[in-house]
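Have the 3D view open and follow along.

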Amino acid sequence: MISACHLYPDLLNLYGDRGNIIAFRQRCEWRNIPVKIKSISLGDKIEFKDYDFVFLGGGSDREQNLIAADLMKRRDRLKDAIEGGLVVLAICGGYQLLGKYYQTAEGKQIPCLDILDLYTTAGSKRLVGNLVVEVKLGGKPLKVVGFENHSGRTYTRSVKPLGKVLCGSGNNGSDGLEGARYKNVYCSYLHGPLLPKNSGLTDRLISLALKRRGMEYHLKQLDDSLEESARRVMLDRLGLRM
Ligand code: GLN
């Protein structure tokens, strides 16, 4: 059984990001892998060490500000669990909250968890549009597709990116990089939501969650023709090959 946790689904809920936890669960269920999903919000108790997969979605500056103090109370246990191999997917606002701070366009600095060596400063112009990122999974390049809509520009000195921007802005619109990866933590600005169309990434997260449970489980191949055609349509429209 995989134990999954959806953090702040009532607040970090922009652009249908809950579709990520739905896709994760569905691809497990199609393989008869039982998944238990717990939603946790402000003030709820949770022991991250008891979980295999945690999802944090995107949120507006207002929601990020609302949950920052509550999330800060969980920081040490979340960091310990991440160091112990907890699988995390953090999208946009959820991604930014794992860094040192988020500075709003008005100059207000929201302290964040400082689990990842990165920081975010909001620009005046939002970075909005199609986003395609080349992600290396097991050495194989995968074009991951979606859209982005964020004012935050994220910078890091040491954290590996999720991948290279092929179309769009990515982390900050200047270094050509997108997202972040640290141990089993995968961060991205990709909305869409990310996982339903990019099944290779979903299966990677499922495999890592199973491994954390001590289950070396060969994931049977699913019929991904629908997902692949959705990606192909978007890539063709952008003049990019699969
Ligand atoms: N509030 C953050 C920003 O604008 C994150 C937005 C989001 O999660 N889409 O950068």
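Start with Gln64: one of its polar side-chain atoms lies 2.6 Å from a nitrogen atom of the ligand, a polar contact (a pair of N or O atoms within 3.5 Å). On its own the ligand exposes 300 Å², and the protein buries 99% of that (accessible areas come from the Shrake-Rupley method with a 1.4 Å probe, and for residues only the protein chains shown count as cover).

Keep in mind that this is a predicted model, where local features need pLDDT of at least 70, side-chain atom pairs count only at pLDDT 80 or more, and totals for chains, interfaces and linings use all residues. Residues are numbered from 1 along each chain as its sequence is written, and side-chain values use heavy atoms, with hydrogens and water left out.

**Around the ligand**
- The ligand is surrounded by 17 residues, each with a heavy atom within 4 Å of it.
- An N or O atom in the side chain of Asp61 sits 2.5 Å from a ligand nitrogen atom.
- Gly93 uses a backbone N or O atom, 3.0 Å from an oxygen atom of the ligand.
- β8 gives the most to this shell, with 4 residues (strands are DSSP E runs of at least two residues, helices H or I runs of at least four, numbered from the N terminus).

**Helix α7**
- Glu227, Arg231, Met234 and Leu235 are the buried ones here (under 20% relative accessible area, 1.4 Å probe, protein chains only).
- Down the axis of α7, these buried residues fall within an arc of 100°, so they line one face of the helix; the arc uses directions from the helix axis to the C-beta atoms.
- On the other side of α7, Leu226, Val233 and Arg237 are exposed (over 50%).

Definitions and conventions: A polar contact is a pair of N or O atoms within 3.5 Å; within protein, one must be able to donate a hydrogen and the other to accept it, and residues adjacent in sequence count only if both atoms are side-chain atoms.
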